[in-house]
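Student: I would like to go through a structure feature by feature. Please give the general idea each time, then the case at hand.

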Amino acid sequence: MNDRMKQAAIEEYQIMLDQFLESDDIVYHFPSHLNKLERAIIHDMAEELSLLHYSNGIRRERHIVVAKHPPILDGGVYDHKQGQWVSIPSDAPDIVECDNFTVLNLNVLFEGIGSDISDIICTDIRIPAIFKFLEEQDASIITLQEVTPDFYNFLLEQSWVKDKYYISDRVGSSITPSGNFLLSQFHISKNYQYYYTKSPKCVVFSEIIINDKVLSVGVVHLKAGNRDRYSRTRRSDIIDTMSVQDKIGFDFAILIGDFNFRNKKEGYSNHETVPELEERYTDVWKYCKPGEAGITHDVENNLMAKELSIRVYQKNGKVGSSNRFDRLYYKHKFIDEEPWEPLDIQIVANQPIGRSQYDNHDIYLSDHYGLHTTISTSKNTQPFN
């Protein structure tokens with residue numbers, strides 16, 4: 001593309017973007033046939049206009065989307081009179097006031113990971129056990145990764161979910177073929193979905209008002225893999241995530257989920273970090289348990305983690321090291337008030353739930369262990385045991 005053609009393209013895209021800004025539309029989809037340079041031009045222009053911009057779709061259908069704010073997900077609450085999940089009313093039924101709340105995270109392991117290891121991942125045993133575990137934990141907020149339509153449908157049939165929780169997505173648009181999902185015992189005022197520019201994954205944001213403060217929870221699942229290019233993708237995606245969360249707005253922000261950050265045993269000169277994330281957010285595990293490893297992907301003890309690790313290494317039989325993939329980061333914007341803070345964080349779902357009938361190996365809820373965190377909203381709150 002010569003300079004004249006480039007200028008003509010810029011003028012054409014500027015008209016499209018101006019019309020979009022003047023319209024009532026929230027998102028605008030550019031055609032998928034644009035070349036690499038044309039896409040770069042649009043990304044640059046959208047950035048200058050403070051618009052969100054990302055790629056969506058796969059293969060030939062992949063295209064640029066620009067948005068005034070992230071696309072809104074239709075959150076849900078169960079209506080017992082109608083016998084179905086309905087959209088969350090815009091007005092909260094009551095003002096939520098509490099001294100603390102709990103957050104539980106678990107990557108539930110995509111049940112369609114592969115028929116060749118179905119006897120290892122034991123989906124038929126794990127899924128009911130996961131539901132029982134989540135019910136018993138009774139967390140204020142539950143965040144899940146690798147949720148599939150089947151898992152989602154079974155979960156929404158559970159009586160404890162219908163009775164106690166609001167959900168981030170009542171139609172399942174964020175979990176096809178698999179994705180992130182949030183359940184909250186508190187009224188959810190808004191839910192958003194943002195697709196990353198560098199990968200087909202997305203982050204789900206839920207906005208909850210607690211003690212008259214805006215809590216923004218971003219459920220994250222970054223690209224897996226131990227190659228440098230995957231690390232660059234993770235860095236780009238988490239920087240995007242922070243930017244979007246800033247644009248949404250909050251008083252207290254949480255980023256939680258499967259970050260897939262590797263440690264130095266897998267070829268990195270040091271533990272994989274994103275300086276921009278570490279500078280702006282606090283790593284709750286380091287804050288509450290400095291010096292402790294916090295392993296949540298345990299290839300030494302969890303056979304599912306070991307087998308999935310081999311897949312990451314392209315099935316050459318090599319096993320990666322155990323890692324602290326699952327994390328919770330937070331930040332706040334309180335100025336003249338006592339800030340909320342994490343009281344404690346625990347690794348959960350790290351014990352076997354049974355043994356396989358095929359080869360007698362230990363079965364865990366997932367290849368990942370879970371995290372259970374208590375956040376204090378009051379300086380009078382004491383840590384839980």
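Student: How many residues does the largest nonpolar core have, and which have the most contacts inside it?
Tutor: This is a predicted model. For a core, one looks for buried nonpolar residues joined through side-chain atoms. Here the largest such core has 29 residues, and F101, I141, I210, L215, F252, I254 and W340 have the most contacts inside it. At least two residues of this core come from each of β6 (100-107), β11 (202-210), β12 (213-221), β13 (252-258), α9 (284-288), β15 (326-332) and β19 (370-376).

Student: Which residues does F101 touch?
Tutor: Leaving aside residues up to four places away in sequence, F101 touches S140, I141, F186, I210, L215, I254, W340, T373, T374, I375 and T377. There is also a second, separate core, with 28 residues, including W85, I142, V147 and L155.

Student: How many disulfides does the structure hold?
Tutor: A disulfide needs two cysteine sulfur atoms within 2.5 Å. The structure holds zero disulfides. Take C98: the closest cysteine sulfur to its own is in C288, 17 Å away, which is too far for a bond. C98 is buried, at a relative accessible area of 16%.

Student: At what angle do helix α1 and helix α2 pack?
Tutor: For a helix pair, read the angle, the axis distance and the handedness. Helix α1 (residues 3-22) packs against helix α2 (residues 36-48) at an angle of about 50°, and their axes are 10 Å apart. The crossing of α1 and α2 is right-handed. On the α1 side the contact is made by K6, I10, Y13, Q14 and L17, and on the α2 side by E38, I41, I42 and M45.

Student: Which residues does a cis peptide bond join?
Tutor: Omega is the angle to read. The cis bond joins T176 and P177, with omega about 0°. P177 lies in the loop between β8 (166-167) and β9 (179-184).

Student: Is N260 buried or exposed?
Tutor: The cut-off for buried is under 20% relative accessible area. N260, at 4% relative accessibility, therefore counts as buried. Its phi is also positive, near 60°, in a residue other than glycine. N260 lies in the loop between β13 and α8 (275-280).

How values were computed
Residues numbered from 1 in each chain as written. Predicted model: local features only at pLDDT ≥ 70, side-chain atom pairs only at ≥ 80, totals over all residues. Heavy atoms only, no water. Core = buried A, V, L, I, M, F, W, Y, C linked by side-chain atoms within 4.5 Å. Buried < 20%, exposed > 50% of the residue type's maximum accessible area, 1.4 Å probe, protein only. Helix = DSSP H or I, 4+ residues; strand = E, 2+ residues; numbered from the N terminus. Contact = heavy atoms within 4.5 Å. Axes fitted to C-alpha atoms, helices over the stretch in contact; angles between N-to-C directions. Left-handed = near helix turned anticlockwise from the far one by under 90°.
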